[in-house]
Amino acid sequence: MTVWEELKARGLIAQVTDEDEIKEMVNNGKATFYIGFDPTADSLHVGHFMALCLMKRLQMAGNRPIALLGGGTGMIGDPSGRTDMRQMMTKETIQHNIDCFKKQMERFIDFSDGKAMMVNNADWLMNLNYVELLREVGPHFSVNRMLTAECYKQRMERGLSFLEFNYMIMQSYDFYMLFQKYGCNMQFGGDDQWSNMLGGTELIRRKLGKDAYAMTITLLLNSEGKKMGKTQSGAVWLDPNKTSPFDFYQYWRNVDDADVIKCMKLLTFLPLEEIQEMEKWEGSQLNKGKDILAYQLTELVHGEEEAKKAQAGAQALFGGSADTAHMPCTELEESDFAEDGTIDLITLLVKSGLVPTRSEGRRAIEQGGVSIDGEKNTDIRHAMKKEDFQGEGVILKRGKKKFNRVCLK
């Protein structure tokens with residue numbers, strides 16, 4: 001099976017500009033391609049995960065990835081998929097986020113010996129002269145056509161700022177510059193980026209008389225058509241300090257039955273033949289499939305040791321084991337207790353990350369969704385003493401799948 005055939009079989013490919021040309025380049029390791037990452041936070045998240053896996057997959061086949069960090073485009077903000085304008089970030093925040101992205105990308109992509117590049121579009125965008133840019137690029141963009149782009153259409157009713165309207169031009173200019181500076185002949189991105197990507201291929205054709213190519217990858221959606229990688233408390237991050245390896249593991253362990261095989265194909269590096277065998281699984285076998293999915297993805301992001309710990313922690317709680325060593329743990333300090341040496345249950349829920357706010361903690365307790373060491377507790381005034389947390393501590397649980405071991409530091 002060729003690289004291209006595998007991408008299609010896994011369901012990764014959404015739209016392409018010229019399938020025959022792209023297929024030939026990808027199969028023969030001739031693609032120098034880029035994917036852009038705007039530094040809107042200090043960590044990559046599950047939404048970036050599939051793009052990183054695609055870069056890794058294509059690099060393994062001999063192609064050369066360019067990770068484009070949006071130090072320039074991040075100053076504007078991509079309107080794609082947004083119902084409101086992004087919050088403006090300072091240069092310092094953007095630089096900090098870029099530094100965080102770099103460390104995480106190195107877990108997936110081999111940047112040694114010119115096998116891949118990491119480039120910041122601030123290097124050319126921040127020094128542009130406005131009038132010169134208008135003269136150089138402006139004539140090649142039709143406002144009428146831009147307004148038909150999906151990324152703009154969904155914002156027209158609420159109002160699209162001129163700042164964001166320029167985003168397509170900036171992204172197209174990126175491709176134009178990468179083509180000239182690094183011989184980048186292809187751009188990959190999420191399916192919601194199609195219009196922006198076509199803008200780049202068209203600008204290269206008009207300005208340089210050369211062909212460049214674009215391919216979008218399937219968005220990571222669940223069986224209900226909603227984007228995956230979100231929880232009640234927010235995004236699922238790749239940074240272990242923002243989403244612990246255990247919580248990351250549990251996110252994938254808890255995906256719907258209908259999404260298990262699709263996630264296996266899109267995100268793991270397991271052989272397709274092995275995944276196709278799993279398609280026959282039903283009932284309790286599907287739970288085994290979820291364990292495999294969760295372990296594979298946690299190992300990819302956090303390494304083998306953390307994946308084993310997360311797996312052991314899940315088995316300890318849900319398998320009824322007495323082993324609590326690998327459960328997610330919150331350590332209480334002296335300052336967490338009141339003067340009488342107690343701490344209330346709502347504070348415990350917030351402190352352990354089982355609820356984001358005190359009001360949500362109160363609701364969870366009142367609705368019977370909280371237990372301490374397996375005993376349901378519906379008293380919102382319940383408080384615990386310092387000595388209750390000695391030794392291995394207590395197991396605090398919210399709902400069926402969220403739990404935390406709380407002990408003394």
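Analyst: Glu 202, Arg 205 and Arg 206 are linked in a network of salt bridges. The model is predicted: local features need pLDDT of at least 70, side-chain atom pairs count only at pLDDT 80 or more, and totals for chains, interfaces and linings use all residues. Residues are numbered from 1 along each chain as its sequence is written, and side-chain values use heavy atoms, with hydrogens and water left out.

User: What makes Glu 202 and Arg 206 a salt bridge?

Analyst: The term needs a side-chain nitrogen of Lys or Arg within 4 Å of a carboxyl oxygen of Asp or Glu. The closest N and O atoms of Glu 202 and Arg 206 are 3.0 Å apart, so the pair qualifies. Both residues sit in helix α11, four residues apart, which means about one helical turn separates them. Helices here are DSSP runs of H or I with at least four residues, and strands are runs of E with at least two, numbered from the N terminus.

User: Why is Arg 206 called partly exposed?

Analyst: Buried means under 20% relative accessible area, exposed over 50%, and partly exposed in between (1.4 Å probe, protein chains only). Arg 206 has 41%, so it falls in between. Glu 202, at 21%, is partly exposed as well.

User: What makes Tyr 130, Val 131, Leu 134 and Phe 162 a nonpolar patch?

Analyst: Patch residues have over 30% relative accessible area and no salt bridge; like charges are joined within 9 Å, and nonpolar side chains (Val, Leu, Ile, Met, Phe, Trp, Tyr) within 5 Å. Phe 162, in helix α9 (residues 162-165), has 54%, so it clears the area cut-off. The patch covers about 440 Å², an area from the Shrake-Rupley method with a 1.4 Å probe, where for residues only the protein chains shown count as cover. Helix α6 (residues 130-137) gives the largest share, three residues.

User: Why is the patch of Asp 18, Asp 20, Glu 21 and Asp 211 called negative?

Analyst: Asp and Glu count as negative, Lys and Arg as positive, and His and the chain ends are not counted, so these four residues make a negative patch. Each charge is placed at NZ of Lys, CZ of Arg, CG of Asp or CD of Glu. Asp 211 lies in the loop between α11 (194-208) and β6 (213-217). Asp 211 is exposed, with a relative accessible area of 55%.

User: How do you know that β2 and strand β3 pair?

Analyst: Two strands pair if DSSP finds at least two bridges between them. β2 and strand β3 (residues 64-69) have six bridges, so they pair, in the parallel sense. Ile 35 stands opposite Ala 67 in β3. Strand β2 (residues 32-37) is mostly covered, with five of its six residues buried.
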